Amino acid sequence: MRKILAMAVALASGAVLAGGSPIEARAAEKLKAAWVYIGPVGDFGWTYQHDQGRQAVEKELGDKVETTYVESVPEGPDAERVIEQLARAGNTLIFTTSFGYMEPTLKVAKRYPKVFFEHATGYKTAKNVSTYNAKFHEGRYVIGQIAAKTSKTGTIGYIASFPIPEVISGINALMLGAQSVNPDMKIKIVWVNSWFDPAKEADAAKALIDQGADVISQHTDSPAAMQAAEARGVKAFGQASDMIKFGPNAQLTSIVDNWAPYYIERTKAALDGTWTSTDTWGGMKDGEVVMAPYTNMPDDVKKMAEATQAAITAGTLHPFKGPIYDQAGKLVVKEGEVLPDKDILSMNWYVKGITDTVPGK
Amino acid sequence: MLDTAMLDATILGAVLASIVAAATTLLLASLGELVAERAGTLNLGVEGMMIVGAAVGYATAYSSGSLLLGTLAAVLAGAMLSLVFAVLAIWLATNQVASGLATTILGLGLAGLIGSSFVGTRVDAAPALAIPGLTDLPVIGPALFGQDAFVYASILLLIAVTWGLARTRAGLVLRAVGENHAAAHALGHPVRRIRTLAVMFGGACAGLAGAHLSLAYTPFWASDMTAGRGWIALALVVFSAWRPLWLLGGAYLFGAVSILQLHVQGFGLGIPAQLLSSLPYLATIAALVVISALKRGQGAPASLGVPFVPDR
């Protein structure tokens, strides 16, 4: 269905955009920047936050930029057509904001060497293609500690989307954080095989609560799980946006995606003519991973969370610092070492203490 | 490593309650579509009508503070969108499949537009309505009698549709129109008007299903929040061989398997999550195929999907 909708959107936007003559942007002219979104801007999650970043660019740079976006673009061939259309329509800076846009972005970039492309969460760059991502696992480590302090049953419930490295590393970071407080913490993981399906996310939260989890964490995009936790009287962590409104008594904190600093910096670079292909992985230090206010917890837990956040921001604490063992008990990261970024970005194994298995392994 | 907790009666009750809630959205939407199809019109716009119902219902409830008003607005919105489809497909005799798809696309866009200023807000969920004496029963009490009004409405609607189609004159005429519109026309029945009403009933039910999502199940608004449930409702109608009671079975089976697979995952039995996620679809298809095979001769309404143009 999304496919059909996106096709219609793509056709419609193509028709509108084709009206203007394709021009090469010159430094003095308005910079046209475009965003390609996987979901609707109204998802109050991943896409919503990217769109907040786009709006921040408009606000910051005003008349110097003209931004557009296409929402609900499925990953795959449709994405390529949408990206190409945006390039043809005279956009000189294009942000593609989902992992599956990686190959389509690279393909189109080859055909439009003068257009700058920015691909979120991927790992392949080109002369005119940058990649960017945020270290959300830093936030997950903090919430793992909070969960271990807060939980009475000793069981964390985790609603996961798809078994890709970003999600797996999030689960591991949370577990390592939890184990740093209580080595016996348990985790129950439910995969909903979707980024956005509110009813299913709520069902998953209820199932986890029924099975004894009393702190719920999610790596899906809607506030449904937060609401379910609020209704059942347990605690939860928000995702992507501050979800306190949906869980005034349930939310401990949220890991908020803040793309605005990066988007503004890159758009300025494109305007100044200083844009070069980069590979950026910002975290708490860069203001990309922001923790919503710590709420519904005792002061000592709040102090601990703030201290951990400060240590990660200062670079003195790394979520994946050794010793880290895998499920089989094999030492993966030695004492005094940290897991290299590339290993975090390709993570497909669970740390010791998780009794589940990685789906498909 | 099954927890002993699984056997706990209160938990069992909670799980059953989740199943009933999950099945209700599907039952509401598919009952309406069943009526539309029995009258001979295939409306693929269920997803669109449902999401518009969810958006309008939420917007109205949030603005007015009344869940009842929101629900009524959702029902009306679903019916209005289905009227657009009815004008195209029934009165202008356009291709029903194309018109239905257009209705869904229109609905998704319209809902996004209506809901855009409500993103990030919330309302209180529709309250559970206790039935004295019954709600306190162990296990089945909370599952069946501790639900919100949408659940009770879906059951009442099921009874009404089953009885109405089989036992009333209006139901007989509606079925006649769906089976052979030329003959019904010759007998003096207003085929297109009856079909329009049936389609609007379907739209109203889809709107109600949408309100169930945005006002009770997950009481907030987000674009695309129906996440394909309209399509599942459509499929259930076909697999139930256009019979309301089988529809009930299909919707509850689908709801049960989709909730239970989450529990199986939580127990960490090591079954691939991807397989478990596809189980509701597989189980529903398998069950309904078996039922259909056992009782033959109950196919689609003969005039389903065929536009009616009266010859004068």
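What is the mean pLDDT of chain B, and what share of its residues reach 70 or more? I looked: the mean is 90, and 96% of the residues in chain B reach 70 or more; pLDDT is the predictor's confidence in each residue, from 0 to 100. For the complex, I noted an ipTM of 0.87 and a pTM of 0.86 from the predictor.

Ground rules for myself. This is a predicted model, where local features need pLDDT of at least 70, side-chain atom pairs count only at pLDDT 80 or more, and totals for chains, interfaces and linings use all residues. Residues are numbered from 1 along each chain as its sequence is written, and chains are lettered from A and ligands numbered from 1 in the order in which they are written.

Next, the sheet. In chain A I traced an open, mixed sheet of six strands, ordered β7-β6-β8-β9-β10-β12 (strands are DSSP runs of E, at least two residues, numbered from the N terminus; two pair if DSSP finds at least two bridges between them). β7 (186-191) and β12 (289-291) of chain A are the edges with a single partner strand each, so one side of each has no neighbour in the sheet.

I then checked β9 (residues 235-240) against β10 (residues 251-257), both of chain A: they run parallel, joined by five bridges. A236(A) has Q251(A) as its bridge partner in β10(A).

Last, A205(A). Leaving out residues up to four places away in sequence, I found that A205(A) touches G157(A), I159(A), I216(A), A225(A), A228(A) and A229(A); contact here is C-beta atoms, placed from the backbone, within 7 Å.

Methods: Helix = DSSP H or I, 4+ residues; strand = E, 2+ residues; numbered from the N terminus. Contact = placed C-beta atoms within 7 Å.
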